[in-house]
Amino acid sequence: MDFITWIIDFILHIDQHLVEIINAFGIWTYIILFLIVFIETGLVVFPFLPGDSLLFAAGALAVLDGSILHIVPLIIVLWLAAVLGDTVNYHIGKKIGTSIPEDSWFGKIINREKMEKAEAFFNKHGGKTIFIARFMPFIRTFAPFVAGASRMNYRYFLTYNVLGATIWVLLCTLAGYFFGNIPIVKDNFSVVVLGIIFVSLIPMIVSVIKSKRTKKSELE
């Protein structure tokens, strides 16, 4: 099984894999969950790691009798990982964002012109950009890096980083805790995960549609 196939399988059957992790590592599962969320939000080269679905699955497992996971420490660990991940990503972006060669694959994504546009966007819309990005796969990983690289005001960034992490972790984890073990959800977990991913992509889809409509209006 190659790496991409493994990632897809891990995301779609994340409940089963978490059970395997819990059985193998016991209390250290908290550290593993922390690292997954921290890396997904903190290192811009790992946007494909699970986010929403991981939180949902962890919350669902926390409600089971005898589970090593408990909802309060789970929320605290995931919240810390989310806040620290975005914070590290911001500072990495601020440190190296402008020094990335523009002809590199990553430089093409965040070149100087795009940095300036991002900075203008952040200045106009403030920290809500960071808040909204929490609920968008891939964008969640890139947003804090670009915020740092474009020199977004750190006070605004930190405020919405904490607010976004709080709502994101509480919403996804408690949704799993209260609904993850309902028979129809438990028996169709892969479908639920796909549904979570689709719902998470809605803000990005809406943004793309609005952008295309704006460009079309400008051309007309």
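This is a predicted model: local features need pLDDT of at least 70, side-chain atom pairs count only at pLDDT 80 or more; totals for chains, interfaces and linings use all residues.

**Entry 1: α2 and α4**

I started with helix α2 (residues 14–25) and helix α4 (residues 52–62), whose axes come within 9 Å and cross at roughly 60 degrees. That angle makes α2 oblique to α4, because angles from 65 to 115 degrees would count as roughly perpendicular and those under 35 as roughly parallel.

Next I checked the hand: α2 passes α4 in a right-handed crossing. Then I listed who touches whom. From α2 I got Ile14, Asp15, Leu18, Val19 and Ile22, and from α4 I got Ser53, Leu54, Ala57, Ala58 and Leu61. Sorted by class, that contact has eight nonpolar residues, one polar and one charged.

**Entry 2: α4 and α5**

I stayed with α4 and looked at α5. Their axes come within 9 Å and cross at roughly 160 degrees. The angle is over 145, so α4 is roughly antiparallel to α5. This crossing is right-handed.

On the α4 side I found Leu55, Ala58, Gly59 and Ala62, which meet Ile71, Leu74 and Leu78 in α5. The class count here is six nonpolar, one polar and no charged residues.

**Entry 3: α10**

How many residues does α10 have? I counted 26 in helix α10 (residues 154–179), and they reach 36 Å from first C-alpha to last, close to the expected 38 Å.

I also looked up what is buried in α10, and the list includes Phe157, Trp168, Val169 and Cys172. The buried residues of α10 pack against α3 (29–42), α4, α5 (71–96), α8 (128–133) and α9 (139–149).

Conventions. Residues are numbered from 1 along each chain as its sequence is written. Side-chain values use heavy atoms; hydrogens and water are left out. Axes are lines fitted to C-alpha atoms, for helices over the stretch in contact, and angles run from 0 to 180 degrees between N-to-C directions. Helices (H or I, at least four residues) and strands (E, at least two) are DSSP runs, numbered from the N terminus. A crossing is left-handed if the near helix is turned anticlockwise from the far one by less than a right angle, and right-handed if clockwise. Contact means heavy atoms within 4.5 Å. Ala, Val, Leu, Ile, Met, Phe, Trp, Tyr, Cys and Pro count as nonpolar, Asp, Glu, Lys and Arg as charged, and the others, Gly among them, as polar. The expected span of a helix is 1.5 Å times one less than its number of residues. Buried means under 20% relative accessible area, exposed over 50%, partly exposed in between (1.4 Å probe, protein chains only).
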